[in-house]
Amino acid sequence: MKNISVVPQIYNKDSLKVFSSLHRCPNAIWLDSNHKDTNGARFDIISGFPTKIIEVQENKVFIFESNGSIKTEISDNPFTVIEQFLKQLGPINSKYRHIQFTGGFMGFFGYDHGRHLHAIESISKKIVDLPEIRLGLYHWALIVDHDLKETNLIFHEDCPSLIKKDVLNIFKGPIQDMGIDGSFKLQSAFQPTISKSKYLKMVSQIKEYILAGDCYQTNISQHFHAQFEGDTLWAYLKLRSILPSTHAMYWSWDNKAILCLSPERYLKTSWDQSRSIINVETKPIKGTIERGRSKDEDKKKAITLVESTKDQAENLMIVDLLRNDISQNCKNDSVRVPKLFEIESFPNVHHLVSTVTGELEKKKSIVDLLRDSFPGGSITGAPKKRSMEIIDELEPVRRGVYCGSMGYISSNDNMDLNIAIRTVTASNSKLHIWGGGGITNDSDPYAEYKESITKVKILMDALESAKTS
């Protein structure tokens, strides 16, 4: 059994101060709940100094040492490689099962890796220079528990002594706010990759596929891009201030970065109170309406959304798909839908959200669960494979990280991954962002086009107005 050491720290309600003291360290990563400005958020997790980086390109696995050199290239299934590394870190002493992260992986699984899992031939063009999967192997983390108002440094017993020493030195005594002194500005406004007429045609084409019986629902999106210069962390903090989200993440490396403001949980696993059963949870978002300008108008819009038969049908189809997805690795008859058609509100939109739960089979792993349900059904459609084929046929560029998942996979079998929506990727001095929605037989192409912009306009407007010197 592997053990964990816990070093208490001073609690701070906003983890920005904590991350600012670490953000210049190699592969510093911030899983950000935005607790100060969101409801129901509990944990922030921060780390850096990974011992290894795993990158996947076209189903080839590359393992980098902490100094950046490639150790090896493996043609094995990337999920098998992930499982092997997690087994080396475990099993973890059961008394640490309540800790969210006890060493393991943090990073992202890009949507495009789903093409390999579902044997889909790619037609669309890759335009973002990022791997399909990128994960850091971290042996420590700083975990902020906002419910208990506690902050702790967590070290896996295999954490290299030099890394542990460096981390303890950084967090020795009161946390020093290092500040964010970077500059940021766009060199051009965001431009769409496709025209409005093209998007309307894509929606109409999906409706034809639905009438032909190919699918029940398909998620479609459009891509925007802009040139920029400056500090992506400054840009993330700007976005964070106007659109605080419960499943946000910031991660930068080698002049690349992920700025994620996702409101949606994809997969969470956690031990029950007896620490003998692993619970599974997924919370799909299907159904969106923009916020009202007054309290009365806002309330009416929320009621309109929750009573919309079109949005309820869309949500229910994805709930059914996700029930089937997690049932592949959950105990028979354990899958439930405890919450259906609930409203969750954000600064720019209301969302219709449902909750699906289950209990993981004893002989199955959390990696099995992730592999067999990826990518999340809320951003593909139903049935999943045919919807993904239609997406690749109609969308001219690959989604990359967008609509994939980000978060952590811990050696004690805890996992929390989001759906990577409201996400900006930065690479080669260019920002990329997507917006979209689920199309059903009742969809109005013009309304769907407007929704695809509404979801991300707040992000694009904020970045276009941002100027620092």
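**Exercise 1. Which residue lies over the face of Trp251, and at what distance from the ring centre?**

*Solution.* Keep in mind that this is a predicted model. Start at the ring of Trp251 and look over its face: there you find Arg134, at 4.8 Å from the ring centre. Now try Trp271 in the same way. Arg97 lies over the face of that ring, at 3.8 Å from the ring centre.

**Exercise 2. Work out how the rings of Tyr402 and Trp434 are arranged, and where the two residues sit in the chain.**

*Solution.* Step one: a search of the whole structure finds 18 aromatic pairs. Step two: in the pair Tyr402 and Trp434, the ring centres are 5.5 Å apart and the planes are at 10°. Planes under 30 degrees apart count as stacked, so this pair is stacked. Step three: Tyr402 is in the loop between helix H10 (384-394) and strand S22 (405-410), while Trp434 is in strand S25 (residues 430-439). The pair, 32 residues apart, links distant parts of the chain. Step four: are these residues buried or exposed? Both Tyr402 and Trp434 are buried.

**Exercise 3. Describe how helices H5 and H11 pack.**

*Solution.* Two packed helices are described by the angle between their axes and the distance between the axes. For H5 (residues 196-211) and H11 (residues 445-465), the angle is about 120° and the axes are 9 Å apart. H5 and H11 are therefore oblique to each other, and their crossing is right-handed. Finally, find the residues that meet: those in H5 include Tyr199 and Leu200, and those in H11 include Tyr446 and Tyr449.

Conventions:
Residues are numbered from 1 along each chain as its sequence is written. This is a predicted model: local features need pLDDT of at least 70, side-chain atom pairs count only at pLDDT 80 or more; totals for chains, interfaces and linings use all residues. Side-chain values use heavy atoms; hydrogens and water are left out. Rings of Phe, Tyr and Trp (its six-membered ring) pair if their centres lie within 6.5 Å; planes under 30 degrees apart count as stacked, over 60 as edge-to-face and the rest as tilted. Helices (H or I, at least four residues) and strands (E, at least two) are DSSP runs, numbered from the N terminus. Buried means under 20% relative accessible area, exposed over 50%, partly exposed in between (1.4 Å probe, protein chains only). A charge sits over a ring if NZ of Lys or CZ of Arg is within 6 Å of the ring centre and within 35 degrees of the ring normal. Axes are lines fitted to C-alpha atoms, for helices over the stretch in contact, and angles run from 0 to 180 degrees between N-to-C directions. Angles under 35 degrees count as roughly parallel, over 145 as roughly antiparallel, 65 to 115 as roughly perpendicular and the rest as oblique. A crossing is left-handed if the near helix is turned anticlockwise from the far one by less than a right angle, and right-handed if clockwise. Contact means heavy atoms within 4.5 Å.
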